[in-house]
Amino acid sequence: MRNDRKKRRRKQRAIMKRAVASKAVAEKIAESVRKQKLIAENYCAKWREICKQSKYRRQIAMNVNAEKSNSVSDVNNICPNELTPLDENTCIGTGTFGECTLKLYKRFNLVVLEKQLSTSNLKAVINEAKCMNTLTHPNIPQLSGVQTTCKPYALIMEFIGEDMESSTVHQLLEETSPKGSPLLTPEWISVCVDIVEAANHIHSKGYLHCDLKTNNVLVLKKRGFVIDFGKVCLTTKPTAKKYTSFYHYIAPEVLRGQPVSSSSDVFSLGVIISTIAKTLGNKSMYSVGRQCKDTKPQVRPSLPTLITLLQGIIEKDNS
C-alpha cells in the first residue's frame, strides 16, 4: 500500500509539473502574441498614416493638375493699366454676362473690345478664352488676351465694327424691316455662309458654340461674324440642362434636357437663316432653314452640306 501511495504522489507531482510547464509555455505564447499584436498595431497605424499622407498628396496633385488645366498660361494676360478707356461713351453692349466696352490697348495702340464678366467667374473666363485661343477663322473675332489681375475679369478681343458701333443681325433686321433690308438677298446669304463656315471651324476644333442666335452674329461690310463663346463646350463633354422656359433658337431635344450636339448648333443656325429669309421673303432660303430646324437631329443637314445648299441658292439667283 505504501508503494501505491508513493506511486500516486509521484504521478500527482508529475501532473503538477507538467501543468506548471504547460502554464509557463502558455504564458510565453500569450506574451509572444501580445508582442506580435502590438507590432501589428504599430504597423497598421503607420500604414494608415502613410495612406492618409498618400491620399493627401494625390489630392494636392489633382488640385495642381486642375489648376494647370484651368490656367490661362497659353493666353496673353493683359494688365489693367495697359487698357485705357476711350474719351467717348464706349459701352457698346450689356447683358446677363456683363458689359462690353471699347478700350485702347496701349501696347499696340489698338482699339479692342473688353468683355467684362459680371460674375467674375474665373472658370468661365478660362473656358471662353481657351476656346477662342484655338480659333483662327476670319469670321470669328481674334482673342487678344484676358484680364485676370483684378475683378471684374475680362476677355480682350478684336473689335468688329466701325465708328465705335457694332451691328448684330437682330438689330439690322429689326431696325430695317419696315423700310427694307440694308443688304441685298445674295449678300445676306453670303453672311449666312460666313457664320456657317465659322461654326464649322468651331466644330473642327472640338467645340460646340451652344448659343448661336441673331444677337450673337455681327455684320460688318457685308460679312458675318460669330461672337459670344460664353456657353461653349467641348464636343467630348457636351453640356445638358433641362429648360423650364422656351427659347425658339434652342433645339427641342436640348430644351428637353438632352446634351448639346453639332445638330443642335445646326438647329440654331436654321433659326437664324429662317429669320433672315422671312424678312427677305426668300422661299429657297426659308426652305433651307426649315431643314435645319427638323425636330429629328439626325435629319438635319451637316454644316458642309448647309454651306453647299446656301451657295447653291446664290448661284441660282445669279443665273
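Modeller: Two strands are said to pair if DSSP finds at least two bridges between them, and strands (E, at least two residues), like helices (H or I, at least four residues), are DSSP runs numbered from the N terminus. The model is predicted, so that local features need pLDDT of at least 70 and side-chain atom pairs count only at pLDDT 80 or more, while totals for chains, interfaces and linings use all residues. Residues are numbered from 1 along each chain as its sequence is written, and side-chain values use heavy atoms, with hydrogens and water left out.

Eight bridges connect strand 3 with strand 4 (residues 110-117), and the two run antiparallel. Within this pairing, Gly98 lies opposite Leu117 of strand 4. The two strands form a hairpin with four residues between them, and in the turn Asn109 has a positive phi of about 50°.

Strand 3 also pairs with two other strands. Strand 2 (residues 91-95) is joined to strand 3 in the antiparallel sense by four bridges, and Cys91 has Thr101 of strand 3 as its bridge partner. Strand 1 (residues 83-85) is likewise antiparallel to strand 3, with three bridges between them; here Pro85 is opposite Lys103.

Burial follows a stated scale: buried means under 20% relative accessible area, exposed over 50%, and partly exposed in between, with a 1.4 Å probe and protein chains only. For the chain as a whole, buried residues make up 36% of the 319 residues.

Contact here means heavy atoms within 4.5 Å. Apart from neighbours within four places in sequence, Thr101 is in contact with Thr90, Cys91, Val112, Leu113 and Glu114. The side chains of Thr101 and Glu99 are joined by a polar contact of 3.4 Å. Such a contact is a pair of N or O atoms within 3.5 Å; within protein, one must be able to donate a hydrogen and the other to accept it, and residues adjacent in sequence count only if both atoms are side-chain atoms.

Of its contacts with a separation of 6 or more, 60% are between residues 24 or more positions apart.
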